[in-house]
Amino acid sequence: MYGDGEKKKNTQMVVNGQHWNIEVQIFPPPYEPLQKNQTIIVLDITFCSGTEVKLEEATEEIMTFYAHMLDRDYTSKEVFNNNFMTDWRKSMAQAEPQTEQREAMEYGFGMWEKNQQPVGNYKIEPRGLFRGLGEHPKMGRVKKRINPEDIIINIGRETQIPKPPEGHHWKEVRHDNKVS
């Protein structure tokens, strides 16, 4: 059977004239995602070092392969680490478009005068270093992290107010139809 991890009994097998009773596992069980109270902290600077991240199931599974090896000598070898990170980054790159597609379907459109219109930018810019254009005097400055408590939602009275992330609230919710 596929993916259930059950074993299929072969009652007898003859090897060099001897009879053997053998249990053969057909397929390993499917990956069981981490529970909500379990997290992965990414320590690679490329992916927000030391930051708790929510991974797609396939990339989370690959990261748990590595986590299970942390107490082994393999993880002290540069080749092992480089090869793992190369493959893991590929899995991250493959998972990213799926996440972006899902987000675009959920947040990428709004209603304007009863017509569905694409939203120009629905993603909040992440905290990081300001680059600017040309020789901007503020380049290199650290950009402030934007939290739900910093955001004013301006929405129609009949429209359902989007829920902020758990444990947060919006700065304000307005119903001002005089702004564009």
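I started with the ring rule: rings of Phe, Tyr and Trp (its six-membered ring) pair if their centres lie within 6.5 Å, with planes under 30 degrees apart called stacked, over 60 edge-to-face and the rest tilted. By this rule I get four aromatic pairs.

A note on the model: it is predicted, local features need pLDDT of at least 70, side-chain atom pairs count only at pLDDT 80 or more, and totals for chains, interfaces and linings use all residues. Residues are numbered from 1 along each chain as its sequence is written, and side-chain values use heavy atoms, leaving out hydrogens and water.

**Ring pairs.** I looked at Tyr66 and Phe80: their centres are 6.2 Å apart and their planes at 25°, so the pair is stacked. Tyr66 sits in helix α1 and Phe80 in helix α2, 14 residues apart (helices are DSSP runs of H or I, at least four residues, numbered from the N terminus). Next came Tyr66 and Phe84, with centres 4.5 Å apart and planes at 20°, so this pair is stacked. I also found one aromatic cluster of Tyr66, Tyr74, Phe80, Phe84 and Trp88.

**Burial.** Both Tyr66 and Phe84 are buried, meaning under 20% relative accessible area with a 1.4 Å probe and protein chains only; over 50% is exposed, and in between is partly exposed. Phe80 is partly exposed, at 26%.

**Core.** I then checked the largest nonpolar core and found seven residues: Leu55, Met63, Tyr66, Phe84, Met85, Trp88 and Met92. Here a core is a set of buried Ala, Val, Leu, Ile, Met, Phe, Trp, Tyr and Cys residues joined through side-chain atoms within 4.5 Å. Helix α2 gives the most to this core, with four residues.

Definitions and conventions
Helix = DSSP H or I, 4+ residues; strand = E, 2+ residues; numbered from the N terminus.
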